Amino acid sequence: MHEFNLAWLAECRRLLKPTGTIWVSGTSHNIHSVGYALQTLGFKILNDVAWLKTNPPPNLSCRYFTHATETLIWARRDETAKHKFNYAEMKRANAGKQMQSLWRIGAPSAREKRYGKHPTQKPEALIERILLASTDAGDLVVDPFCGSGTTAVACARLGRHFAGFELDANYLKVAAKRIKDELRSPRTR
Ligand SMILES: C[S@@+](CC[C@H](N)C(=O)[O-])C[C@H]1O[C@@H](n2cnc3c(N)ncnc32)[C@H](O)[C@@H]1O
């Protein structure tokens with residue numbers, strides 16, 4: 001798993017602009033390897049955000065705490081370059097207070113999930129916040145593991161260009177349906 005993380009993160013670094021940033025989400029199974037790989041490859045870690053799930057599924061084994069958070073690592077391609085952070089937009093979104101690295105965001109709504117099943121579909125609100133924080137309209141966003149297409153939908157809504165990859169043809173179909181729907185009848189935030 002660590003070799004795979006090193007390989008795909010190296011490809012992302014090759015594609016990024018010197019001022020570009022990357023966001024990777026994960027649970028304890030994978031995120032520590034991702035963090036180590038990012039550091040090994042020369043990225044600079046900017047934040048680790050804890051996404052606090054408002055309604056996490058219970059732990060059925062009863063041998064662990066309920067897994068209620070997921071970590072999002074935000075990292076810049078290079079040690080020294082200046083990255084984009086839309087500080088004022090984040091402060092505005094947080095009722096005028098500096099936004100913290102703990103984000104309380106609920107699971108995807110029934111509307112977001114009506115196109116078909118994906119086991120780890122992200123909430124649109126989570127990806128929208130990421131895009132608003134670290135990109136501007138007209139920027140190009142790449143999601144190498146786009147699943148049900150949440151990043152693509154959020155990019156369409158916020159005027160970002162998008163390129164994505166997905167291994168599973170069924171998830172691609174779900175993503176295509178979602179993107180078409182968003183383009184046909186854009187949702188306002
Ligand atoms: C965590 S999910 C992404 C979920 C997505 N953010 C969403 O909201 O639906 C990761 C996705 O990566 C896909 N995947 C795994 N290995 C891949 C690979 N080597 N190339 C492209 N996609 C891959 C999986 O099929 C899965 O749909």
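User: What should I know before I start?

Analyst: Residues are numbered from 1 along each chain as its sequence is written. The model is predicted, so local features need pLDDT of at least 70, side-chain atom pairs count only at pLDDT 80 or more, and totals for chains, interfaces and linings use all residues.

User: Ok, new topic. Which residues of helix 2 are buried?

Analyst: In helix 2 (residues 31-41), they are Val 34, Ala 37 and Leu 38. Buried means 20 or more other C-beta atoms, placed from the backbone, within 10 Å of the residue's own. Helices are DSSP runs (H or I, at least four residues) and strands are too (E, at least two), numbered from the N terminus.

User: Why are they on the same side of helix 2?

Analyst: Because they cover an arc of only 100° around the axis. That arc is taken from the directions from the helix axis to the C-beta atoms.

User: And what do they pack against?

Analyst: The buried residues of helix 2 pack against helix 1, strand 1, strand 2 (44-53) and strand 3 (69-76).

User: What follows helix 2?

Analyst: Gly 42, with a positive phi near 100°.

Note on methods
Buried ≥ 20, exposed ≤ 12 C-beta atoms within 10 Å, placed from the backbone. Contact = placed C-beta atoms within 7 Å.
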